[in-house]
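Hi,

Here is the structure I said I'd pass along.

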Amino acid sequence: MSSTYLPFHPSPKSPDITLPAGACDAHCHVFGPAAAFPFAPERTYTPVDAPKEKLFELHRHLGIERSVIVQASCHGTDNAAMLDAIAHGNGNYRGIAMVKPDISEDELRALDAGGVRGVRFNFVSHLGKDADIDAVRTTIEKIIPFGWHAVVHFEANRLETLAPVLKQLPLTMVIDHMGRPDASLGTDQPAFRMLLDLMEDERFWVKVCGSERISRAGPPFTDAVPFGRMLVERFPDRVLWGTDWPHPNIKKHMPDDGHLVDLLQMIAPDDAHLKRLLVDNPTRLYWPESL
Ligand code: 0GY
């Protein structure tokens, strides 16, 4: 297990753009603090503490009003740190949990009351063993009555085997980080074409974040922009965006979150698309009661 990953940026720049009212960061995490919310024994990495106060401060700084906190693997299926952050978020925070397949209806009800609206499944080598497909199916049967969705996080090379399985699942699925293609291989690479094909099915949504993860050129990560731009233009009503703060497992170039917001000027072709990406789409998925 390594703790050599970079800490989050200490003082992100102010973005060059003013985000639309109600803008949502639909992918970020809280880590610890470990003294209050210990990390999972089975974790594959130990991050630096990234508590809710720092997340709230970042959101104020960037002009973000709403957010979805995604359970990270380093906390395993103990969603306490995330639930605590949501509870302090004045209704502007929702969560995506990680759960065991034998979770009870009462436990799911408690998560729902705590602001959880979906469950995440990982298929990423550096985060440990892939989610078990039978366990995924069992969990999904249990969450459907709550109207939740699944968040699927996979490496690009998993898509060929995963796509037929995902196509059988009867619920909304949100794909993390544009399906994690290698940006240096271009938008015509088979894995990205497969993702575009999957997106033709209206059950699928995709997060156009993770530019810093798929980039091979490094800061300012503009080699990742064509991927996000293509997704936003083709599927304007099923795209979400997030900071991915505090950026777990980044070893080389810790992004400045202000720069990541600036990239949105290139990812969205105009203000109308930007509003759908940051406001309308996350509202439909996470705050439908406010519509
Ligand atoms: C991300 C990506 C990563 C980590 C996790 O659950 C996690 O630990 O999500 C990663 O290492 O690529 O979405 O934040």
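Starting with the second largest pocket: its lining divides into 6 nonpolar, 5 polar and 8 charged residues. Bear in mind that this is a predicted model. The space in that pocket comes to about 490 Å³, and 19 residues line it, with E212, R213, R216, N249 and I250 closest to the centre.

The largest pocket has a volume of about 610 Å³. Its lining is made up of 22 residues, and T77, M98, K129, D130 and A131 are the ones nearest the centre. Sorted by class, that lining has 8 nonpolar, 7 polar and 7 charged residues. If you want elements to look for, β4 (116-123) and α4 (133-143) each give at least two residues to the lining.

On annotation, UniProt has an unreviewed entry that puts "domain: Amidohydrolase-related" at residues 24-286. In the model, that span is 37% helix and 14% strand, and its end C-alpha atoms lie 10 Å apart.

Last, the helix pair. How do α5 and α6 pack? Helix α5 (residues 159-166) and helix α6 (residues 190-199) have their axes 10 Å apart, at an angle of about 10°. Angles under 35 degrees count as roughly parallel, so α5 is roughly parallel to α6. On the α5 side the contact uses L159, E160, A163 and L166, which meet A191, M194, L195 and L198 of α6. That contact has 7 nonpolar residues, no polar ones and 1 charged.

Cheers

Terms used
Residues numbered from 1 in each chain as written. Predicted model: local features only at pLDDT ≥ 70, side-chain atom pairs only at ≥ 80, totals over all residues. Heavy atoms only, no water. Axes fitted to C-alpha atoms, helices over the stretch in contact; angles between N-to-C directions. Helix = DSSP H or I, 4+ residues; strand = E, 2+ residues; numbered from the N terminus. Parallel < 35°, antiparallel > 145°, perpendicular 65-115°, else oblique. Contact = heavy atoms within 4.5 Å. Nonpolar A, V, L, I, M, F, W, Y, C, P; charged D, E, K, R; others polar. UniProt positions renumbered as here; feature names shortened; annotations may be inferred. 1 Å grid on protein atoms, 1.4 Å probe; cavity = no way out; pocket = protein on both sides within 12 Å on 5 of 7 lines; lining within 4 Å. Points joined across faces, edges and corners; volume = space filled by probe spheres on them.
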